[in-house]
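Student: I am new to this structure and should like to go through it with you. Could we begin with a helix and then look at the aromatic rings?

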Amino acid sequence: MAYALIVSLKQTLEPLLDSARSRIQISSSELQPIYEDLCYLKSFFDKVKSLEDSNSVEELEKDVKDVLQNARDLIESHLSDVVHSAGDGSWNSSAGFSPKMVKVKDKLSPFIDVLKAKENELTGNQQLPPDVVVPVPVLSRINHEIVELEYEVEMLQKRLLEPDSSLQVCYIVGMFGIGKTTLAKKVYNNEDTVYKFHMRLFVEIGVKYKLEELLLRLLRPLLRERISEVKKEETVHELGDRLRESLSHMTYLVVLDDLRDMQVWEQLRPYFPNVVNGSRIMITTRMTNMDCFRKYIHQKRLLTHQASWLLFYQIAFSNMKMDMYQKKGYMDIGWEIAGNMGGLPLALVEIGEVVSKLPKTVECWRKVAQNMNSHIQETSIPKAVNAGLPQLLKACFLYLCLFQRHYDIPTSTLIKLWVAEGFIEPEADQSLEQIAEEYLEDLVSRSLVIVHERSYTGRIKTCGMIHELVWDVCVTEAEQQKLFCIVNEGTSTKNQRRLSIQSDVAVGVTGSGRLRSLVFVCADAEHQDPLPVFERVKWLRVLHALPIRFNKFPDQVLKLVRLRYLAITFDGELPSSISTLWDLQVLIIISKQGTNSPVFLPLEIWELQKLRHLHCMGFDLPLPSADLHLMKLLTLSGVSFRTCVDGVLARIPNVIKLGIRFNPADHTVEVSGFQAVFSYLYHLESFKCGVTNQSEAAFSLLRFPSGLIKLTLGGSGFLWDEHTSIISDLPHLQVLKLRWRAFCGPKWELYEGGFPWLKILVLEDLDIEQLIAESNHFPVLQKLLIRRCYKLQEIPIEMGDIPTLEVIEVKDCCESLIESVRHIKREQEELGNEDLLIRIL
């Protein structure tokens, strides 16, 4: 995992090279040569996605990784020693450092020379194009009949043969090894297909392609004996023109198999003419980020357990007489093995072939069932998982296995961890969190990660591995690459860099001095004493210990001066010496005692100048005595209204997301001061406020920031006719969630011109009885969700005419409201609108 290490180490060095950004002053001449080598290494591995002699490069990568690990250890050890030995302020120390860096440079230089020579050699042989990767054969190598295809073939056949004469594109989408190619070939060779299309072309693309070669492969069957007419010097455009001209005189079916990059399709598409004769293009792909050019998407599904058994049976029992396997109990073991493959045809076929070659004894088959993961590692599945995966995504992808197999991984946590680990390469015009979110969407689009839940706005809330076998493969690779180690009872943690604690019995684990990350994902556990591991892990960057409840803040944590991410649950107060953790980017602290009556954080919290995310349930931000600002703070949540005073909010001007709790019974709060929330937060996009113990309007809605995109209110006690006009005029508001007693009163009457960009409206636990609205009151509304509004009698039928409306969801509401929703659905169907989705829960 050299690439992730290169990116992370670059981010460590960059602030040190800029004396204005770093509290530790080290001569840049000591670090600049190493930084330049890192930049070259990154550019090399960006280019080298695949090589014909990839084994030699892999060996070089391992050796480079070892040198870089040692370099990082030396640098971080030095930085930790400097911090521990110095007082406050800037630390200036290079004593004993220069000779160590010279040794690192001396060890790194030979590898750089070898890689440069290799790059020159491969570039000369044209083996290093910017988008070439070795193809990994998946289901195309399987000749066995895949079961459960009849219905899918029929559906695709119907699409290909329908009377629409315009050129259409059909996508077969799904994860690797699921049978996309097999399905496409069955449709391609169907006799009705052969009869309809004058010309059929089937081209496998994969991840190694050249556009000229693809065009030539498409042209050969069209030109036949005239292929010799194609000149070597012809450009891509000239070859494309030949293809377009040849296809323009016939009804054609083109299958582009195993498309890994939508850019390939964008390059090829202009050369497929739409001559209005019923021609079709069929694309098999793992990618889900397709274009919108008259597309039909067929999502390939995993096999059922019964179908899995039938496929496995065809292969595993192919060399065995029926009476033999029936008598000796092979059926039960075979059924178990087939079930463990999770419906993935590639795995069923490959493991079936393994089993078919074993000695015909039940014991041999049972050993396969008991050691399934080791057999999976010997198949093509591990290569298929990683095929075409860019270097910058690989560590992020494997990192998902840090969480348990069936865990719903919260995206917000995952992204913060990726950033803290240094996996995200900065870009000038985007935040690290935005880039990380794009990485995750990319992994989803490659059918490697599955989305468990999306937010109302479409952003991923929770996710996980696409398949259990993928999780197994990735855990093995991550441990082999020493990216991390999953700790259960009896696991050795010697020389590990990252530990994932997935068992309560491993809570007291002791780590090595080189440990960088410690992530607890076990069930909630009490822990009265500091963990022994804290005594030895002075270079720790990530500590995620929310499941462990401490009876006080563990002081040993304060010695971890390299921490970037700290998430911890404890009772009591946060010590003032938290300022020693000067590298913190993420601080998540939960106090079980302080949620009803929050206590202030220490004033020293303002010294954490790198802080980007602060979630402090049970705590409030104090007013600093000095002129200190948290300029990098992007999100603040968990605090009470006491934080929202002028002197505090003026010092966190770049906050994008703010979540607060408001209790008017707290007499220290001046309600009129609530306007301060919006006076200083010019970049605020998301605001969430929950109010308790309220009988009337809690605060003023005046001076809401015009850039607000998402607003969530609960318990605020506003009146519909007096206060909603202020919210409706917000020019950029897209999401509005009104929960228990956010607004009170029997009637909400909207006026024209309000909510110009509102896409999502959520009404929950409100006492509203009548909603008066027309389609022009929510001109771009997409989703309307109403839950437990027991008094609301109906939704105005005019709202069904909103052209952008996609979903109306009703949960636990009265029967008359449900009937009004059904009436809207019937009327829209009569008007030809079949797309409006109605959900009644």
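**A first look at the model**

Tutor: Helix H1 is largely enclosed by the rest of the structure, because 14 of its 16 residues are buried. Buried means under 20% relative accessible area, exposed means over 50%, and partly exposed lies in between (1.4 Å probe, protein chains only). Helices (H or I, at least four residues) and strands (E, at least two) are DSSP runs, numbered from the N terminus.

Student: Before we go on, what kind of model is this?

Tutor: This is a predicted model, in which local features need pLDDT of at least 70 and side-chain atom pairs count only at pLDDT 80 or more, while totals for chains, interfaces and linings use all residues. Residues are numbered from 1 along each chain as its sequence is written, and side-chain values use heavy atoms, with hydrogens and water left out.

Student: What is the average pLDDT of the protein chain?

Tutor: The average is 83, and 83% of the residues score at least 70; pLDDT is the predictor's confidence in each residue, from 0 to 100. Over residues 126–145 the pLDDT is below 50, although this stretch has 63 contacts in the model beyond near neighbours in sequence. Contact means heavy atoms within 4.5 Å. Where pLDDT is low, the predicted coordinates should not be read in detail.

Student: Back to H1, then. What span should its 16 residues have?

Tutor: Helix H1 (residues 2–17) should span 22 Å at 1.5 Å a residue, and its end C-alpha atoms are 22 Å apart, which agrees. The expected span is 1.5 Å times one less than the number of residues.

Student: How many helices and strands does the protein chain have?

Tutor: The protein chain has 25 helices and 33 strands. Of its 841 residues, 54% are buried. Among contacts with a separation of 6 or more, 62% are between residues 24 or more positions apart.

Student: Now the rings. How many aromatic pairs are there?

Tutor: The count is 20 aromatic pairs. Rings of Phe, Tyr and Trp (its six-membered ring) pair if their centres lie within 6.5 Å; planes under 30 degrees apart count as stacked, over 60 as edge-to-face and the rest as tilted. One of them joins tyrosine 188 and phenylalanine 202, which is edge-to-face because the centres are 5.3 Å apart and the planes are at 80 degrees. This pair links distant parts of the chain, 14 residues apart: tyrosine 188 is in helix H6 (residues 180–188) and phenylalanine 202 in strand S4 (residues 199–206).

Student: Are those two residues buried or partly exposed?

Tutor: Tyrosine 188 counts as buried at 11% relative accessibility, whereas phenylalanine 202, at 26%, counts as partly exposed.

Student: How are phenylalanine 553 and phenylalanine 570 arranged?

Tutor: They form an edge-to-face pair, since their ring centres are 5.3 Å apart and their planes are at 80 degrees. Phenylalanine 553 lies in the loop between strand S15 (542–550) and strand S16 (565–570), and phenylalanine 570 lies in strand S16, so the pair ties together parts that are 17 residues apart in sequence. Phenylalanine 553 is buried at 3% relative accessible area, and phenylalanine 570 is buried at 0%.

Student: Which charged residue sits over the ring of tyrosine 188?

Tutor: The charged end of arginine 200 does, 4.4 Å from the ring centre. A charge sits over a ring if NZ of Lys or CZ of Arg is within 6 Å of the ring centre and within 35 degrees of the ring normal. Arginine 741 likewise lies over the face of tryptophan 740, at 5.8 Å from the ring centre.

Student: A new topic: where is leucine 581?

Tutor: Leucine 581 is in the loop between S16 and strand S17 (586–591), and it is buried with a relative accessible area of 0%. Setting aside neighbours within four places in sequence, its contacts include Val557, Leu566 and Leu608. The C-alpha atoms of leucine 581 and leucine 566 are separated by 9.7 Å, and these residues are 15 apart along the chain.

Student: Finally, what is the phi of aspartate 258?

Tutor: Aspartate 258 has a positive phi of about 60 degrees although it is not a glycine. This residue is in strand S5 (residues 252–259) and is buried, with a relative accessible area of 12%.
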